[in-house]
Amino acid sequence: MKALSKILYVEDEPDIQTVARLALETVGGFSVHICSSGQEALDTVTAFAPDLIMLDVMMPGMDGPSTLAALRELPETAAVPVIFMTAKVQPPEVAHYKELGALDVIPKPFDPMTLSEQVLAAWKKIQNG
Amino acid sequence: MADTSELQARLRALRESYAADLPGKLDEIHRYWQQLATAQWSVELIEALHLRIHTLAGSGGTFGFNRLSEQARAVERVLKRCIEEKSQEFWDSQSGCLAPMLAALSQAASEPVAETIPLSSKGKAVAAKPPSGGRCLIYLVEDNTTLAESMALQLEHFGYLVRTFHGSEALAQALTSERPMAVVMDIVLPQGVMAGAKAIREADAEEAEPVPLIFISSRNDLQARLEAIRAGGDAYFVKPVDIHALIARLDKVTERTQPEAYRILIVEDDATLASHYALVLSEAGMDVETLTRPLEIMESLARSTPDLILMDVYMPDCSGLELAKLVRQQDSYLSIPIVFLSSEDNLDKQFRALRTGGDDFLTKPIADEYLLSSVSIRAERARLIRSLMAQDSLTGLLNHAKIKEQLVIEESRHRRMQAAFTFVMIDIDHFKAVNDNYGHMTGDRVIKSLSRLLQQRLRKSDSIGRYGGEEFAVILADCDVAAATRLLDDIRTSFAAIAHRHEGEPFSVTFSAGLASFPLCDSAAELNRVADEALYEAKRLGRNRVVAAAEPRQQQRGNRKS
């Protein structure tokens, strides 16, 4: 199974950025690069070459789904799995996000102690078989 | 992995920093709120307010402010409707109930919750944060060591952390040092019948909330069950224990499947009264919508089904009784409890009201506590009943719970017969677009038409269920994967050819399907997982196709995380 090591995290709220970094780097041991906007993510993603991208859904400017669509246009990131972070986690809403191409949806507010586990569980889903 | 105490210290520092910023954020929200009450009202202002509330909702819980997130979520829902309606008049009708909700928001911002203290409210039960990095601790008390081992293994497979006891001695002591989320206990232990239960209840006497107790027993008679109730048991399973049912119950008592807040619809033309009731209920964690114009009820119901409707009887446009009859005309709303609120204390008139389809009659003026209890109890039972009803109300097919049950039944049946069967997950493509473009009523008709097609094409021995939303599950008994694929592909083409209509205009819809078969997959859980993955693959490959899992996926047994 390919190991998950580099995560690109896209979130505009500074508070959440800090706690997400703590949750993913310190608890999960991942290497994390944080972007404050969809545009910033597009500008830096190729250089960072993440294994996985986590996108906040509601951001000013480019929202999560628009950022995903743009990422899918770039050849380097067309196949990188994406997880959405959002409060909308009713089954139809999750299905909708998956239809857009997301691997999974993690609910906000998230628990910093278990965020890494949730991410790893989603990662394993695509690695099996 | 870093040292936990250092980590906790850093998290605490972040929480404190977040808490310090909160007053400023709330001030800003308050400023928007005040502006909206003046001539500067605009939809853009509401959107700006909505954005800030949304941010609070999405971050509060991460920093220990669970109630803040919940309250913000509730406010967010009202604001979204105001944005949709775009009218100042509508805003004014909602501002009565928004004001107390915003006040509650400010209050929630001053009450952070530390990790281990459980929040408890009647509107929504929230358990203590489970320890051990997210895994729930269960005590298993069973003197039959083989059974204990096998049960522990299965429980751990579902993500629980199990500590096994073979008798009641060590139990009381263990309970005081490390509190489990639930205890599963055999009624008969070497120390005597109900010995374990007594030990637990004694150790537990000091606690505010008793630890949930689930009994297992080989006895199924009334006396045994009665004793179990008297000993404070929350559930009773007869051996051999159905592990799936046990897990479902454990999930419920440990609140792992976080229940949604009860959704309450209040229909009351007196805006002050309406906002008072709304405040009482939303403070308890419920999600409340108020209608001061009763004729809007059908629209509101179509948008989202409440768990309970609280309805005033005497209203200008339309009496509560007529409204209740209107609601009950529709089959899908038959099961929603309707509680009347009125100053009517004449018993005859009350009965007449109940005959129109109401479930309860509360007389005004009503004490807050009594209103809250009546509503909670009814909403809770209604939810339970709906989940247990075998049929999905829209389609008449098996509901989610029943089809999952059926899968387990078919698995053991086919194992005995040594025959193959196939499990299929079907998902309508782009269903959200159908709802968005044509509305939910047309969406429902599309769902009904697929369910009718499935019923026509499949045999009596097959099971069809509505898994949820636009997802269906089918169990094709005594059918190998090749035959199943041919059959589903045929149904797929037929469904794609149907001309659905919206206001005379025809449109077509397709579905994707994933298949998994037994004995290639050898458990219900695996069938479920593999079919789901095949469905995902079908979507990924472009939709409107059927994908059969070719070979069993290897499960990583040695790598158990929660």
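Predicted model: local features only at pLDDT ≥ 70, side-chain atom pairs only at ≥ 80, totals over all residues.
Me: Before we start, how are residues and chains labelled, and what pLDDT do local features need?
Reply: Residues count from 1 along each chain as its sequence is written, and chains are lettered from A, with ligands numbered from 1, in the order in which they are written. Side-chain values use heavy atoms, leaving out hydrogens and water, while totals for chains, interfaces and linings use all residues, side-chain atom pairs count only at pLDDT 80 or more, and local features need pLDDT of at least 70.

Me: Which strands stand at the edges of the open sheet in chain A?
Reply: The sheet has 5 strands in parallel pairing, in the order E2-E1-E3-E4-E5. Strands here are DSSP runs of E, at least two residues long, helices are runs of H or I, at least four, and both are numbered from the N terminus; two strands pair if DSSP finds at least two bridges between them. Each edge strand has a single partner, so one side of each is left without a neighbour in the sheet: these are E2 (31-35) and E5 (104-107) of chain A.

Me: Which residue in E5(A) does Met85(A) stand opposite?
Reply: Strand E4 (residues 82-86) of chain A pairs with E5(A) in the parallel sense over 4 bridges. In E5(A), the residue opposite Met85(A) is Ile106(A).

Me: What angle does helix H3 of chain A make with E3(A)?
Reply: Helix H3 (residues 64-73) packs on the sheet and touches E3 and E4 of chain A, where contact means heavy atoms within 4.5 Å. Axes are lines fitted to C-alpha atoms, for helices over the stretch in contact, and angles run from 0 to 180 degrees between N-to-C directions.

Me: How many residues are in the largest nonpolar core?
Reply: A nonpolar core is a set of buried Ala, Val, Leu, Ile, Met, Phe, Trp, Tyr and Cys residues joined through side-chain atoms within 4.5 Å. Buried means under 20% relative accessible area, exposed over 50%, and partly exposed in between, using a 1.4 Å probe and protein chains only. Tyr9(A), Met54(A), Val119(A) and Trp91(B) have the most contacts inside this core, and its residues number 62.

Me: Which helix supplies the largest share of that core?
Reply: The largest share is 10 residues. Those come from helix H1 (residues 4-36) of chain B.

Me: What percentage of the residues of chain B count as buried?
Reply: Chain B has 20 helices and 19 strands. Of its 562 residues, the buried share is 48%.

Me: Where in chain B is the cis peptide bond with omega near -5°?
Reply: Most peptide bonds are trans. One cis bond joins Lys239(B) and Pro240(B), with omega about 0°, and Pro240(B) lies in the loop between strand E7 (235-238) and helix H10 (243-253). The cis bond with omega near -5° runs from Lys364(B) to Pro365(B).

Me: Is His430(B) buried or partly exposed, and what is its relative accessible area?
Reply: His430(B) sits in the loop between strand E13 (421-428) and helix H17 (431-438) of chain B. Its phi is near 50°, a positive value in a residue other than glycine. His430(B) counts as partly exposed, with a relative accessible area of 43%.
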